[in-house]
Amino acid sequence: MVPVHAGTGTSQPVSRYFDALRSIKLAKGVRATPFMLQGHCVALHTATGECGLDNGFNLLETALAPVNGGPGGLARLAQLAHEELADTMAALLADDACVLNASQHPACRRDADWYSKVCVPRPIYDELRGYRGWHHWEGIDAKAQNGANTSVPVHDAVAALNISLALAPAAIALFGNSPLESGRVTGLKETRMTLWPRVFGPARFAGDAWLSQYPGRPFHGLGDFFTWMFGEGTVSRALPISDAGDYKSAATAVLADDPCLSSFLKAPGWTARCLDTGKVTHLLPDTAHFEYSQIGQFLDARLRYALRTRPPLAELLAAWQQEHGLEQLFEQCGAQVYIEARAPGAGFADAVLLQEAGAEVAHSMLLAPIALQCGLLANLDEAGRLVASWGWQPLGRLRQPAMRLGLEDDRVAALCTEVLAVARDGLAKADRPWLAYADHVLQTRRSAADRMLASWHTAGGSLEDRLALIARRHAALHPDQYGGLGAAQQV
C-alpha cells in the first residue's frame, strides 16, 4: 500500500502508524505483537496475519494468514482483507495519511538521501546493495502489488507456475496502476514493472538479472525449475548461519568464490564470510539452505513452499536427479505449495471508480487479482490449452505491450478476454462476482492507470496541485462506502 499525506499527496513515511494500529487492534481484543529492527517497529503480528512494511517506511504491506478455500472462501478472504484495510486507514490518520489507489507513488524521489531516510534497516539489504551491487533504491518510491497467493497440489505446482508466468500480461494490463513516476507521465500504464532491469542492470552477477527475465521455455518439473534457479550461471544468495526465521532479517554469510547454490549443496562444506561481522566461518550445506533460497528469483510469479518435515540433504539431492523425484519427495514431506503472483499492481476502490462503475465493481476490486488466479488454477487444463494456443514465446512478447498500452493494445485485450473466460469457468457461480472489477476494465478498456492519468491532466498547474488532486480523487475509500465490510455474511 502506498501511504501519502492526505492533504498534499506527497509520499508519507509512517512514524506513528504502528502505535495507532496496535491500539486499534487491542481495542478489538486482538493481540498484536510488535517486531522491532534497530529500535524501529516494522511490523505487528496478529493471529490472522502480519501488518508491516516492505522495503521502506513509505510502503505498507499486509500479509494475511492462509484462508480456507472452497465455498465462500473468496468472501471470507475479502472480509478479512477489507477489515485490515479499514484498520490501516484508521491508523494512518495518526500520520495525517491515507492509502493511495496506485501501484507506485506518482512523484516520489529515489535519490540516496531519501533512500537513507526511509529504507527499512533489514540485514538482507546489506547483501543486495553492498555485495551484489543491486540498485535497491530504484524501488524506494513505494512500488506496490496486489499479491495473489493461491495454494496448489504439489503435482500441479510447475504447471500452475508456467500458466501464471505465461498469462501475466493479462494481469499486468487489467490491474495496471502506475502511469506516473518522478512527477511525470511515463507513457506506460504499469511503470512499476520496469523495476527489475534498473535494479539488476549494474549488478555484480549476471545471473541475478537472468532470474528476473521471462524464461525461454516452460519448466518441465520441479527438478528443472530448481536447476534453472540454482544451477550454473547463477550465484547463491547469502545463506543463514542458523535457522532463518524471518528471511529478510536473518544473519547471513556469503560463500567464498561465489558458487551457485547447487554446487554448494553438493560440497562437504564451504568457506563463507558473515555479512554483519566480517568473520570467516565454515558452512555445512543443509536442506534448510535449499528451502531458504526459494525467494531468490523475481519473475511475474513465484513458486513458494514450506516443508512440514525436511528430508536429509542426500535424499533431496538424489530426488533432484530423478524425473519427478522432487514432486514425490515434496509430497512425502507434506509440502504446502502456493503460487505468488507479482504482476497485478496494487489497487483499491476510490471515489472515481465508485462513481464510474458502482458499488459492485468497487467492492470486488481488492479481491479481483486473486479471484482471477484462483479461477485459472482451478481450471488448469483449460488454462494450459490457452497458453498452448497462444504460444509460450508470443505470450512473453506481450508483456511489454501490456505494460505500455494495457487494454489499448488489441492483442492484449484479446488475451484478457480469453483469460477471464477461463478463470470464470474455474470459479463457482457464487465466486464469479469477484471478477467484476476485471470485467469492467476489459469492457471499458480503462484501467486504474487511465483514471489516474485523466485526473493528472485535469489538474494541470504545478506538481503540488496535481498531487493534491490525485490524493483527493484517488485515496482508497473506506470499505463501508461500497459494502466491503459484512460481505462474508451476505454470501
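I began with the second largest pocket, which holds about 240 Å³ of space. Of the 16 residues that line this pocket, I noted Pro197, Ser212, Gln213, Tyr214 and Arg399 as the closest to its centre. The elements that give two or more residues to the lining are α7 (195-200) and α19 (399-404). I recorded α7 as giving the most to the lining, with 3 residues. Sorted by class, the lining of this pocket has 9 nonpolar, 5 polar and 2 charged residues. I keep in mind that the model is predicted.

Next I looked up helix α16 (residues 368-378). I found that 10 of its 11 residues are buried, so α16 is largely enclosed by the rest of the structure. Among the buried residues of α16 are Pro369, Ile370, Gln373, Cys374 and Leu377.

I then turned to helix α13 (residues 325-332), whose buried residues are Gly325, Leu326, Glu327, Leu329 and Phe330. I listed what covers these buried residues of α13: the elements include α5 (157-166), α9 (222-230), α11 (287-292), β14 (301-306) and α12 (313-320). Just after α13, I noted that Gly334 takes a positive phi of about 65°.

My last entry concerns Ala32, in the loop between α1 (17-27) and β2 (33-37). Is Ala32 buried or exposed? Ala32 counts as buried because its relative accessibility is 2%, and the cut-off for buried is under 20%. Leaving aside neighbours within four places in sequence, I found Ala32 in contact with Arg22, Lys25, Leu26, Leu44, His45 and Thr46. I also looked up Gly49, 17 residues from Ala32 along the chain; the C-alpha atoms of the two are separated by 9.8 Å.

How values were computed. Residues numbered from 1 in each chain as written. Predicted model: local features only at pLDDT ≥ 70, side-chain atom pairs only at ≥ 80, totals over all residues. Heavy atoms only, no water. Buried < 20%, exposed > 50% of the residue type's maximum accessible area, 1.4 Å probe, protein only. Helix = DSSP H or I, 4+ residues; strand = E, 2+ residues; numbered from the N terminus. Contact = heavy atoms within 4.5 Å. 1 Å grid on protein atoms, 1.4 Å probe; cavity = no way out; pocket = protein on both sides within 12 Å on 5 of 7 lines; lining within 4 Å. Points joined across faces, edges and corners; volume = space filled by probe spheres on them. Nonpolar A, V, L, I, M, F, W, Y, C, P; charged D, E, K, R; others polar.
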